[in-house]
Amino acid sequence: MKPWLALVKREFLEHRGAFLYAPAVILAVVSAVVTIGIVTNDPDFQESVTNLPGSVQFFEAALVATIFLWCVYLVIALLFYFSDAFHADRRNNALLFWKSMPKTDLEILGSKVVSGYTVFPLAIGFWMLATSVVLYIVAHLIGAMTILYTAPNPLEFLNSVFQIGVAAIVYMVIALLWYAPIFGWAAFLGTLFKRWSIPLFFVIPAVAVLIERVINIRDLDYQSKILEFIMFRVEMAGEEPSNFDPEVWIMQDKTASAPELISYALSQVDWMHTGIGIILLGGFVYLASEYRRRLIEA
Amino acid sequence: MSTQTALVRAQDLRKRFKKTEILHGLNFEIQPGRIVGLIGHNGAGKTTTLNALLGLTDCEGSISVLGKDPYAERAALMNDVAFISDVASLPRFMRVRELFDLVEEIHPKFSREKANGFLQGTDIRANAKIKNLSKGMVAQLHLAVVMAIDARLLVLDEPTLGLDITYRKRFYKRLLEDYMNEDRTLLITTHQVDEIEFMLSDLMFIRDGYLVLDSPMDEVGERYTQLNARNDSIDAAKALNPVYQEAKFGQNIFIFDGVDKDQLAELGDITIPTVSDLFVALMQRDNETQGEAI
């Protein structure tokens, strides 16, 4: 267990920029911009505030929206992480050092996947929590500027963060499992093509769709099966977080309930395809490790 | 030499890249407790041989290190084998302290105490980032990490490449005084043959993928003789089939393989050739027009 923890720690040290420093900068900049916007009392902003019916619901809607944005950030950052981490040892010339350690290539690459599914989402989770605090401060700031809005009290705040936070963890796990084959594909390409993996990540499926089109050139009602499948995997099956509508949330008469959100999320999961995706991730990582095993040069 | 206790055993070791064969059926053994120098020109096959031995590349024939197939069991083998293939290969994003933390957790035979001891007297600080260290300091650090691993076989591939003479001398001194003992085996390749000659117990010359010499150092002294022939003995010396001959600064230098020393002593002054002289003598290609015109 200790070696695995050490390898995960190594990954965190090497890639913390995207999951620790960059989110800190983003949060700081957005917080500053929002605060300046409120303090300078933008008329449009005040108008939108005066139309708000709920206080806790408004806070929750904003929290859900920011958590959703952090999830999008996490998925994109992980995509780049997987495409980079699987060849980072070669880029920084440390491949031979790691090969001098009593760890197989599969273990080394496996530790990168474990990192991608543990410490990095945890780091983003930390920023989600930090964002909720910032939002709470912003809610109080708005409450201080207009009598039409009252910020949630501390208990309401904690309850909202807990309910939405727990649900967010489940959503995040589902999303990361659902996108497993996409991460695996990026990692596999990274192992083979290093920095070209990101362009190829898009080019290879595009060429496959093009070939499919050429083969079916006589089919006037042509619909690309490959593209359909890709879109199916990119847009999460069933529940689509992008369908979240803040106005609907604000107008509802109840606050967030983790059990309701979680049971809905779980009911929407296509478990068979999720399972296939996880197996595909395993397959990609195994193939990448076998390629790396045969590799000496950087 | 007993084959029962051999630490490394290679039989008919061959390696090809596409259609080009790089190693042409090497056969050798390395016994425990020896310091072996693997010497050869650039492209002779030294690194390929080491890579095969360390399980970094597959090859034809058979190779066994500590009774294991290195390619199939590299990770397990690395519990008892340490190597430096490139002194610039330490993870540059880490601090020295983080590197020690990591290796301590990953390698069961790494001693942090020893590693710290090896760094005493250097300018390397625990909080220093590896990317900010000089090349010499990175080499010192890498050697400290490797020497702090209680390995039975240490493999060093050009460990002092690009380092200045002061550091190179210190490097080898430390290796001998602080690391080597009768239970440990060292396999080293370098271009600076003269610098490691004093510490070698065995010598292997590799030329164009062939092993042209594999011998303990004391047998090298018995087998090879360097003759500075008198002018009136040159023809007689040539008649004894020298492996190498050269005229320099008015001297007629010959190197012989297996010729009776008493017989040679009658033709001039005899000495034991240095490793670098022997290297020059044995590394001459039969056909000097290697390569192709560009």
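The legends below describe close-up views of a predicted model.

**View 1. The helices of chain A.**
In this predicted model, chain A has 13 helices and zero strands, and its elements, followed from the N terminus on, run α-α-α-α-α-α-α-α-α-α-α-α-α. Of the 298 residues in chain A, 32% are buried. When contacts in chain A between residues at least 6 apart in sequence are considered, 86% of these contacts join residues at least 24 apart.

**View 2. The contact of chain A and chain B.**
The contact takes 19 residues from chain A and 23 residues from chain B. On the side of chain B that touches chain A, the elements that give two or more residues are helix 2 (74-77), strand 5 (81-84) and helix 3 (96-106) of chain B. Helix 3 of chain B provides the largest share of that side, with four residues. Sorted by class, the side of chain B that touches chain A has 13 nonpolar, six polar and four charged residues.

**View 3. The two domains of chain B.**
Chain B is divided into domain 1, which covers residues 8-208, and domain 2, which covers residues 219-282. The centres of domain 1 of chain B and domain 2 of chain B, taken over C-alpha atoms, are separated by 34 Å, and six residues of domain 1 of chain B are in contact with six residues of domain 2 of chain B. Helix 7 (193-196) and strand 8 (202-207) of chain B each supply at least two residues of the side of domain 1 that touches domain 2. The residues on this side of domain 1 of chain B comprise four nonpolar, no polar and two charged.

**View 4. Strand 8 of chain B and its pairing partners.**
Strand 8 of chain B is largely enclosed by the rest of the structure, because five of its six residues are buried. Strand 8 of chain B pairs with strand 3 (residues 35-40) of chain B in the parallel sense, over five bridges, and in this pairing B:Ile206 of strand 8 is the bridge partner of B:Gly40. Strand 8 of chain B also pairs with strand 9 (residues 210-216) of chain B, here in the antiparallel sense and over six bridges.

**View 5. The hairpin of strand 8 and strand 9 of chain B.**
Strand 8 and strand 9 of chain B form a hairpin with two residues between the strands, and in this hairpin B:Asp208 takes a positive phi near 50°. Within the antiparallel pairing of strand 8 and strand 9 of chain B, B:Phe205 stands opposite B:Leu213 in strand 9.

Technical notes
Residues are numbered from 1 along each chain as its sequence is written. Chains are lettered from A and ligands numbered from 1 in the order in which they are written. This is a predicted model: local features need pLDDT of at least 70, side-chain atom pairs count only at pLDDT 80 or more; totals for chains, interfaces and linings use all residues. Domain bounds come from an automatic or database domain assignment. Two residues are in contact if their C-beta atoms, placed from the backbone, lie within 7 Å. Ala, Val, Leu, Ile, Met, Phe, Trp, Tyr, Cys and Pro count as nonpolar, Asp, Glu, Lys and Arg as charged, and the others, Gly among them, as polar. A residue is buried if 20 or more other C-beta atoms lie within 10 Å of its own, exposed if 12 or fewer, and partly exposed in between; C-beta atoms are placed from the backbone. Two strands pair if DSSP finds at least two bridges between them.
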